[in-house]
Amino acid sequence: MRKLLSALALGFVYTAALAQPIPNNLYRDDDTTVVAGPKRAEVKGPSFDQGAFNRAYARKKKPKVAVLWNREFTDVLEQSQARQIKIETDGHALTTRNDSGYGRSVRTQDSRSTVITSQDTRETQQRRSGPSDRVELQMRSAFIQTLSSAGLRLVDRNVTMRVAATRKKEGSTDSQRLEAESLSRAAEILMEVLCTPDTSAPLGWSIFLSAKRLGDGVILTEGYLEGTPPAPGEKRYVADPRGDFREVMETKVLTPRTLGQQAAEQALRQLTEALQR
């Protein structure tokens, strides 16, 4: 019983002590009272208004967009034709010698054959110069993925042309006409994305993009993007091998994927404005 009373008395004294205010001279004015926890990484959304794009895109009944990556939709109406003639000549000489002691006789025989081949050829559109495959594929994949993730209905040029060619029973398979016919049937908007050498750009390449209506050729938007390096990261502290900690600044660089994503977001911003008109 005495032990129980002693325990209760000690608890009462401890509780009373906690209730007493702590003098100000026991606090440290040059430091925080609680150690702050690590900052959470801020999740940034796209640099365009997704909601505004969804509303404008739905109001226009979500038109399909055909993307021409680093390929121009030129004013060439049809492929130029040329006849190519190839001449191949194969010849050899056969020589026979006969030494009988009284003289020498030599017989020479020539054997030659000529093959003439004639065929009609079609000139194809000259391919634009671009970055290396590794860089260009990173830019393209980030561009297409950003547009697709935003809800844009994309159409591939090669697929539409191949399908249209299989359905064409007779007549010319001119690639220029086939391209125009297949794209106009499969999509309502044509988007050209051209990679352009630019010495002032961080990666040495810039992107020019344009969007047009396939039905009447009305230009919806055009833009030029050099690529903006990301903002520098926040300061952080790392362990120093010599002891204590040192302050470092996280640096971020512009990558082909970042450039492709920035170009796609710019296209979505400009396309939203065009669809709202």
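I traced the sheet in this predicted model and found five strands in an open arrangement, in the order β4-β1-β5-β6-β7, with mixed pairing. At the edges I noted β4 (154–156) and β7 (219–225), each of which has a single partner strand, so one side of each is left without a neighbour in the sheet. From one strand to the next, I read an average twist of 25 degrees. I then looked for a helix on the sheet and found that α4 (residues 157–167) packs there, touching β1 and β4, with its direction at about 55 degrees to that of β4.

Next I looked up the pairings of β5. I recorded that β1 (residues 65–69) and β5 pair in the parallel sense over five bridges, and within this pairing I noted Ile189 in β5 as the bridge partner of Val65, while Ala66 stands opposite Leu190 in β5. With β6 (residues 205–213), β5 pairs in the antiparallel sense over nine bridges, and there I found Ile207 of β6 as the bridge partner of Cys195. Is β5 largely enclosed or left open by the rest of the structure? I found that seven of the nine residues of β5 (residues 189–197) are buried, so this strand is largely enclosed by the rest of the structure.

I turned then to the helices, starting with α2 (residues 50–59) and α6 (residues 256–276), which pack at an angle of about 45 degrees with their axes 9 Å apart. That angle makes α2 oblique to α6, and I noted the crossing of the two as left-handed. On the α2 side I listed Ala52, Phe53, Ala56, Tyr57 and Arg59, which meet Leu268, Leu271, Thr272, Leu275 and Gln276 of α6. Sorted by class, this contact of α2 with α6 holds seven nonpolar, two polar and one charged residues.

I also looked up α3 (residues 133–149) against α6, and found that these helices pack at an angle of about 35 degrees with their axes 7 Å apart, in a crossing that is right-handed. The contact draws on residues of α3 including Val135, Met139, Phe143 and Leu147, and on residues of α6 including Pro256, Gly260, Ala264 and Leu268. By class, I recorded ten nonpolar, four polar and two charged residues in the contact of α3 with α6.

Methods
Residues numbered from 1 in each chain as written. Predicted model: local features only at pLDDT ≥ 70, side-chain atom pairs only at ≥ 80, totals over all residues. Heavy atoms only, no water. Axes fitted to C-alpha atoms, helices over the stretch in contact; angles between N-to-C directions. Helix = DSSP H or I, 4+ residues; strand = E, 2+ residues; numbered from the N terminus. Parallel < 35°, antiparallel > 145°, perpendicular 65-115°, else oblique. Left-handed = near helix turned anticlockwise from the far one by under 90°. Contact = heavy atoms within 4.5 Å. Nonpolar A, V, L, I, M, F, W, Y, C, P; charged D, E, K, R; others polar. Buried < 20%, exposed > 50% of the residue type's maximum accessible area, 1.4 Å probe, protein only. Pairing = 2+ DSSP bridges.
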